[in-house]
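These are my notes from a first look through a structure that was new to me. I wrote them so that you can follow along.

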Protein chains: 2
Amino acid sequence: MEAYWNNIRKVVPYTPGEQPKEKNVIKLNTNENPYPPSPKVMDSVKEIDRLRMYPDPAAFELVTGIADYKGLSSDQVFVGVGSDDVLAMCFLTFFNGSLPIFFPDITYSFYDVWADLFRIPYECQPLREDFTIDPTDYKKPNGGVIFPNPNAPTGVDMGLLDIEEIIKANQDVIVIVDEAYVDFGAVSAQCLLDRYKNVLIVQTFSKSRSMAGMRIGYAMGDKKLIKALNDVKYSFNSYTMNQPSIVMGKASILDEEYFQKTRKEIMDTREWFKEEMKKLSFLFPDSKANFIFASHPKISAKEIFEAAKKENIYVRYFNKPRIDNYLRITIGTRAEMETFLSFLKTFIDGKMQK
Amino acid sequence: MEAYWNNIRKVVPYTPGEQPKEKNVIKLNTNENPYPPSPKVMDSVKEIDRLRMYPDPAAFELVTGIADYKGLSSDQVFVGVGSDDVLAMCFLTFFNGSLPIFFPDITYSFYDVWADLFRIPYECQPLREDFTIDPTDYKKPNGGVIFPNPNAPTGVDMGLLDIEEIIKANQDVIVIVDEAYVDFGAVSAQCLLDRYKNVLIVQTFSKSRSMAGMRIGYAMGDKKLIKALNDVKYSFNSYTMNQPSIVMGKASILDEEYFQKTRKEIMDTREWFKEEMKKLSFLFPDSKANFIFASHPKISAKEIFEAAKKENIYVRYFNKPRIDNYLRITIGTRAEMETFLSFLKTFIDGKMQK
């Protein structure tokens, strides 16, 4: 091995869900929104100009759009290339202590990847048997706390009182609430920002705003924390948001009616889908996200996953302790879910008859 | 100060050039291209679709477009959100040794910012009096080498023999040649990639392809190094390139005729501008970039910088040792340079008469 390999950072990268290239696929594996973004987003493409020039490094138009929408001032909002970029910057900026940071054992599988990348010590806190977070676990000394609400891949949400209990016990470190899925029925912790200066709320345009292809995420918090984040961002890449993101992101924020309509449609489909899944004997925690996390008492998740794939239906399967018998199924359109259900019925009937 | 500040990363961020909001400005301060991107880039906007879905994490269309254009295989190309993103990833991936990395004392002012961000030790090697790099300086033990060719903000290029001399002496570490400005007349070190497996060449769409607003940069090198870079990228943010970057970047690569025409136009303007600047007694090293780095024997750079700004002409001034009497002037259109020259003539005449 050549000598220079000694200085190369060794990592075990995050594995994103499959992005099959075929078009005739029912894709319920990466929690994408089944509806296109607001038509005003595509209209705004015409406003993309002066590409020869650097974009505004502060992405002011987009930041202000989000801040106004959320009732914050623009120095309380930080934007990045998807919430993954925002979270990576948060880990790099805020988690530099010697004590381990805490997050749930079953959660977004990028947290331990970032911790490893930046050599941050961490300790996973086990979810209860019913997949809820126990706030008591977060009352030991630590270097920071992060959890999603609702949690992924379980879809289980946490109430404001429990969240506040965790924050209250951790005022000496930064607490990040990762709200990627919050728009599908959970309550945002944004209302706690006034009282707790050590809290960051992270949200994204990828799910409820149907803009995964644009890569826009943001953090909200005390202006001093946002300044610290921006300092690190300006030390990494001054211009993270390209011109289309700024223009099209702002257009999305301005179309409130479309946003409300499509997120309600997904929640309605989810609630109907839950009932149908119960009829097929599936078990799942009650989800407040745009997916459900389901297990069948008689047939293994892996088997269903593989059989569905053969029918060009993609769901997500995690080969990991505690969750290796669950499928994470994104809520698509009603028609897509009907196709999936009819596949399930046939498949389960076939198995039962054997 | 609250306890959590102890764990926050302290940095001194890079300061990008001013981006004035007014439109009637002659902007020669951030090395942008005065011409718009190929019309085919704006045509390709129509192909932006399925924004609700994640982009291809490997940005395969764009990577293959670049690889084909450069005569490489696609596993030899890494893409990022501008060459700043690519270089930040390179620092994080390759510079993890205990010995200092080397770069010139006068160079792109982001190098020391990245080194500080990631706590990488570094040692600057002084340019010669004429602003050329002395390869001998790079023959001491080090943890890696990076230099731009042509160098910024001087515009001075280095010949292939000198570059190879540096690489030859540093086969135990990674050597990065930052070729942001190479398309304006210097020779690329790409031809050395076959012989040296420890070399990365970094280029960008921001200058010669008029796409600063899109944030597209790339690295070329041995497939093992590209794999190491991708592993770190997938540990940071799986989807760095949004859908418009992939689509519009590819469209730019395919319009070779436009690329050749506009870069030649800039080089022609630069050569004419050099002659005009000589007539005004300016001194400058011979530039192979889309800017010149000029000093006047009688009038201070700072004074000219401030007076130009009052006339809505922005150039770049660095208040730093050795270069605080120089202006970095981007090559704009012929008309813009004529306006700037006529301002200079008037200003210099006025000063001389006093």
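I began at one residue pair: Ala294(B) stands opposite Leu327(B), which belongs to β11(B). Strands here are DSSP runs of E of at least two residues and helices are runs of H or I of at least four, both numbered from the N terminus. Two strands pair if DSSP finds at least two bridges between them. β9(B) and β11 (residues 327–330) of chain B pair in the antiparallel sense, over four bridges.

A word on the ground rules. This is a predicted model, in which local features need pLDDT of at least 70 and side-chain atom pairs pLDDT 80 or more, while totals for chains, interfaces and linings use all residues. Residues count from 1 along each chain as its sequence is written, chains are lettered from A and ligands numbered from 1 in the order written, and side-chain values use heavy atoms, without hydrogens and water.

**Entry: the sheet**

Next I looked up the sheet around that pair. In chain B, four strands make an open sheet in the order β1-β10-β11-β9, with mixed pairing. β1 (26–28) and β9 (291–294) of chain B are at the edges with a single partner strand each, so one side of each has no neighbour in the sheet. From one strand to the next, the twist averages 30 degrees.

Angles run from 0 to 180 degrees between N-to-C directions, and axes are lines fitted to C-alpha atoms, for helices over the stretch in contact. Helix α9 (residues 301–310) of chain B lies across β10 (313–317) and β11 of chain B, at about 155 degrees to β10(B). Helix α10 (residues 334–353) of chain B also packs on the sheet, where it touches β1, β10 and β11 of chain B; its direction makes about 90 degrees with that of β1(B).

**Entry: the two chains**

How is chain B laid on chain A? I found a turn of 180 degrees and a shift of 0.0 Å along the axis, with an RMSD of 0.0 Å.

**Entry: aromatic rings**

Rings of Phe, Tyr and Trp (its six-membered ring) pair if their centres lie within 6.5 Å; planes under 30 degrees apart count as stacked, over 60 as edge-to-face and the rest as tilted. I noted 52 aromatic pairs over all chains. Phe103(B) and Tyr122(B) are stacked, at 5.2 Å centre to centre with 20 degrees between the planes. Phe103(B) sits in β3 (residues 101–104) of chain B and Tyr122(B) in β4 (residues 122–125) of chain B, 19 residues apart.

Are these two buried or exposed? Buried means under 20% relative accessible area, exposed over 50%, and partly exposed in between (1.4 Å probe, protein chains only). Phe103(B) is buried at 2%, whereas Tyr122(B) is partly exposed at 31%.

I also looked at Phe131(B) and Tyr326(B): their ring centres are 5.3 Å apart and their planes at 65 degrees, so this pair is edge-to-face. The two are 195 residues apart, with Phe131(B) in the loop between β4 and β5 (145–148) of chain B and Tyr326(B) in the loop between β10 and β11 of chain B. Phe131(B) is buried at 6% relative accessibility, and Tyr326(B) is buried at 19%.

Definitions and conventions
Contact = heavy atoms within 4.5 Å. Least-squares fit on C-alpha atoms with pLDDT ≥ 70 in both.
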